[in-house]
Amino acid sequence: MAGRNIEKMASIDAQLRQLVPAKVQELYELSAEYEGKRDPKKLEELGSVLTSLDPGDSIVISKAFSHMLNLANLAEEVQIAYRRRIKKLKKGDFADESSATTESDIEETFKRLVGVLGKSPEEIFDALKNQTVDLVLTAHPTQLVRRSLLQKHGRIRDCLAQLYAKDITPDDKQELDESLQREIQAAFRTDEIRRTPPTPQDEMRAGMSYFHETI
């Protein structure tokens with residue numbers, strides 16, 4: 001049984017290496033071309049490639065695009081955090097309106113309350129005095145992503161954040177690039193979905209991980 005599992009994993013790994021440089025790249029380029037030009041012929045070509053895939057290839061390609069979307073979201077999170085830090089250091093205004101909608105901080109909120117909504121500083125102070133904050137951790141049945149994958153995403157996020165350091169050396173950058181490649185490959189080979197329902201103990205460990213890793 002163990003031998004068959006090892007053989008199966010080896011074949012999956014070979015399939016990934018074969019598909020990613022070819023089919024995924026082809027589909028990505030066709031999608032980008034259609035998105036840019038809205039050429040119906042490109043859409044037809046994209047549909048033909050998709051319908052020609054067998055179920056196994058379809059699963060691997062779907063996983064690849066899902067993985068790419070996760071990485072894009074991680075990169076966007078790090079970029080937004082970086083812009084916030086730069087803004088706080090410069091103490092200037094937002095560069096553009098699109099940034100203002102996503103990078104608002106407590107100072108901007110106070111300015112809007114006073115300048116736009118007409119609230120007095122005393123009203124704001126009295127409202128804040130009466131606020132209470134309770135942390136509530138619930139077992140969310142729709143959270144299907146495995147904690148091991150979330151941890152890999154966290155390490156990818158840390159590597160991206162370190163690349164923004166001002167004092168990073170070429171050797172440090174190369175080491176971070178290599179770490180990124182390892183974590184991305186490991187995440188790609190990690191099953192994204194829980195195959196068995198989580199136990200109460202699993203939910204407890206997941207809840208405690210937020211205290212250690214986030215809060």
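Which helix holds E175? E175 sits in helix 8, which covers residues 170-188. I will come back to that helix several times. Before that, a caution: what you see is a predicted model.

Let me start with the overall layout. The protein has nine helices and zero strands. Read from the N terminus, the order of elements is α-α-α-α-α-α-α-α-α. The protein has 215 residues, and buried residues account for 20% of them. Its accessible surface is about 16100 Å², and carbon and sulfur atoms hold 57% of that. On contacts, take the pairs of residues at least 6 apart in sequence: 65% of those contacts join residues at least 24 apart.

Now back to E175. This residue is part of a negative surface patch, together with D167, D171, D172 and E178.

Next, the salt bridges. How many salt bridges does a search of the whole structure find? The search finds eight. In general, side chains of opposite charge can pair when their charged atoms come close.

D177 makes a salt bridge with K173, and the closest N and O atoms are 3.1 Å apart. Both residues belong to helix 8, four residues apart, which is about one turn of the helix. D177 has 26% relative accessibility, so it counts as partly exposed. K173 has 42%, so K173 counts as partly exposed too.

Another pair is E183 with R155, whose side chains meet in a salt bridge at 3.0 Å, N to O. This pair links distant parts of the chain, with E183 in helix 8 and R155 in helix 7, residues 147-162, 28 residues apart. Is E183 buried or exposed? E183 counts as buried, because its relative accessibility is 17% and the cut-off for buried is under 20%. R155, at 38% relative accessibility, counts as partly exposed.

The last pair is K42 and E33. Their closest N and O atoms lie 2.8 Å apart in a salt bridge. K42 is partly exposed, with a relative accessibility of 24%. E33 is partly exposed as well, at 32%.

Moving on to a histidine. H67 is located in helix 3, which runs over residues 55-90. H67 has a relative accessibility of 7%, so it counts as buried. Which residues does H67 contact, leaving aside its neighbours within four places in sequence? They are I184, A187 and F188. For orientation, helix 8 spans residues 170-188.

Finally, the nonpolar surface. A nonpolar patch of about 930 Å² is made by V133, L135, L137, L150, M204, M208, Y210, F211 and I215. Which helix gives the most to this patch? That is helix 9, residues 200-213, with four residues. V133, another member of the patch, lies in the loop between helix 6, residues 121-129, and helix 7. V133 counts as exposed, because its relative accessibility is 74% and exposed means over 50%.

To recap, we have a predicted model with nine helices and zero strands. Helix 9 gives the most to the nonpolar patch. That is the end of the talk.

Terms used: Residues numbered from 1 in each chain as written. Predicted model: local features only at pLDDT ≥ 70, side-chain atom pairs only at ≥ 80, totals over all residues. Heavy atoms only, no water. Patch = residues over 30% accessible without salt bridge, like charges linked within 9 Å, V, L, I, M, F, W, Y side chains within 5 Å. Areas by Shrake-Rupley, 256 points an atom, 1.4 Å probe, with all protein chains shown as cover. Salt bridge = Lys/Arg side-chain N within 4 Å of Asp/Glu carboxyl O. Lys, Arg positive; Asp, Glu negative; His and termini not counted. Charge placed at Lys NZ, Arg CZ, Asp CG, Glu CD. Helix = DSSP H or I, 4+ residues; strand = E, 2+ residues; numbered from the N terminus. Buried < 20%, exposed > 50% of the residue type's maximum accessible area, 1.4 Å probe, protein only. Contact = heavy atoms within 4.5 Å.
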